[in-house]
Amino acid sequence: MYKWEENIRKVEPYVPGAQPRQKDIIKLNTNENPYPPSQKVIDAIRESDLDTAMRKYPDPTSNELTKAIKEYYGLEDEQVFVGTGSDDVLSIAFLTCFNSDKPIVFPDVTYSFYPVWAKVYGIPYREIPVDDGMRVRVEDYGVGEGKHEPNGGVVIANPNAPTGIALSRKEILEVVEANPDVVVIVDEAYVDYSGESALPLLMDHENLLIVRTFSKSRAMAGARIGFAIGSPRLIGAMNDVAQSINSYTKPTLSLTAAVASIADEEYFRARIDDVLKTRARTVLELKKRGFSVLPSSTNFVFAAPSRIDAGLLYEELGDRKIYVRHFNGEKTKKYLRITIGTDREMDSLFAAIDEIMHTY
């Protein structure tokens, strides 16, 4: 080890899902939308002044998109923060909101980036176990007669990932009210797929921050646009931190695409409906094959095969160029997380599972 390495920050990084570039694969591992973005998005990019979009810095305030989000959700001024995907938004939120010597808390089975950000920013944290059904227990976050240990903030993905299970708005309200002296972040990356949003709670709870993304339901993962909604004081603090790091993070074309997406509500709703129909069918088909499937409010299912080891099935599917996700944790290792694709893609998945299970 070199002497200079003593001062290097060392962390175990987040491991993203594989991004194979072959053309002949079925990619069901990173919860991308199986359908293209709205034609209005494509047209807006094609009609853009590409010289200006590429040569000049983007708008550091994301003013046009911020205005579109405010109008879409019926918000007041200064309630919207825009970032480079919800990962960037969450990272800025951690850095802004969690500046205490008390540990922040989040479930032990949830988005695996949370402990990474905590370690990178030197934020103490405590993971709270989910129950035997993989559900987040609000009692563990101070609700009702539950134990309430001092904390520096709360983070809940709702619906949760990788389980897909959602808490009700009432349960989220109970968590927010049980933790009035800290910021409660609700990560709603998947809420458009039938989850119940906490947005109506914002008016009465200034310590609530809701994070959303254009990557999932709006089919714009490559554009890297996310946003947070909260009280003006909270959003103002996040903007101050973000502007102290980098003022020009959101590419002009991505901002243009996001505004166009918001303008096509009919297409947005239709594609969500397509995913929900395929999700319902996928659950039935997996159960026919002996899988236990957790209740999903997302564009993926968390399913445990009964006749074959999940890790082995993951590898066999990969050999057949069908990519799903396997998390090798103690509580998650018996499950596969399977993104909902098109009906044709899911049929290929079912056929491959049948072939593999017949072999074993």
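A salt bridge here is a side-chain nitrogen of Lys or Arg within 4 Å of a carboxyl oxygen of Asp or Glu. By that criterion, the structure holds 22 of them. Keep in mind that this is a predicted model.

I will take three of these pairs. Start with Lys27 and Glu32. Their side chains form a salt bridge, at 2.8 Å from N to O. Glu32 is partly exposed, with 27% relative accessibility.

Next, Arg169 and Glu196. Here the closest N and O atoms are 3.8 Å apart. The pair links distant parts of the chain, 27 residues apart. Arg169 sits in helix α6, residues 169-178. Glu196 sits in the loop between β6 (184-187) and β7 (208-213). Are these two residues partly exposed or buried? Arg169 is partly exposed, at 28% relative accessible area. Glu196 is partly exposed too, at 35%.

Asp354 is partly exposed, with a relative accessible area of 35%. Arg289 has 14%. The cut-off for buried is under 20%, so Arg289 counts as buried. There is also a network here: salt bridges with shared partners join Glu285, Lys288, Arg289 and Asp354.

On to helix α10, residues 310-319. Which of its residues are buried? They are Ala310, Gly311, Leu313, Glu316 and Leu317. Remember the helix geometry: an α-helix has 3.6 residues a turn, so residues three or four places apart point the same way. What do the buried residues of α10 pack against? They pack against β11 (322-323), β12 (336-339) and α11 (343-359).

Asp309 caps the N-terminal end, with a side-chain oxygen 2.9 Å from the backbone nitrogen of Gly311. After the helix comes Lys321, and its phi is positive, near 65 degrees.

The largest pocket has a volume of about 1200 Å³. It is lined by 46 residues, and those closest to its centre are Tyr14, Tyr111, Ser112, Phe113 and Phe327. The elements giving two or more residues to this lining are α4 (85-97), α5 (113-120) and β4 (125-128). Which element gives the most? That is α5, with five residues. By class, the lining has 21 nonpolar, twelve polar and 13 charged residues.

The second largest pocket has a volume of about 380 Å³. Its lining has 21 residues. Nearest the centre are Pro60, Thr61, Asn239, Gln243 and Lys250. Two or more lining residues come from each of α3 (63-73), β2 (80-83), α4 and α7 (232-243). The classes here are seven nonpolar, nine polar and five charged.

That is the tour. Over to you for discussion.

Note on methods: Residues are numbered from 1 along each chain as its sequence is written. This is a predicted model: local features need pLDDT of at least 70, side-chain atom pairs count only at pLDDT 80 or more; totals for chains, interfaces and linings use all residues. Side-chain values use heavy atoms; hydrogens and water are left out. Buried means under 20% relative accessible area, exposed over 50%, partly exposed in between (1.4 Å probe, protein chains only). Helices (H or I, at least four residues) and strands (E, at least two) are DSSP runs, numbered from the N terminus. Contact means heavy atoms within 4.5 Å. A polar contact is a pair of N or O atoms within 3.5 Å; within protein, one must be able to donate a hydrogen and the other to accept it, and residues adjacent in sequence count only if both atoms are side-chain atoms. On a 1 Å grid over the protein atoms alone, a cavity is a set of points where a 1.4 Å probe fits but cannot get out, and a pocket is an open set with protein on both sides within 12 Å along at least five of seven lines; lining residues have an atom within 4 Å of a point. Grid points are joined across faces, edges and corners, and a volume is the space filled by probe spheres set on the points. Ala, Val, Leu, Ile, Met, Phe, Trp, Tyr, Cys and Pro count as nonpolar, Asp, Glu, Lys and Arg as charged, and the others, Gly among them, as polar.
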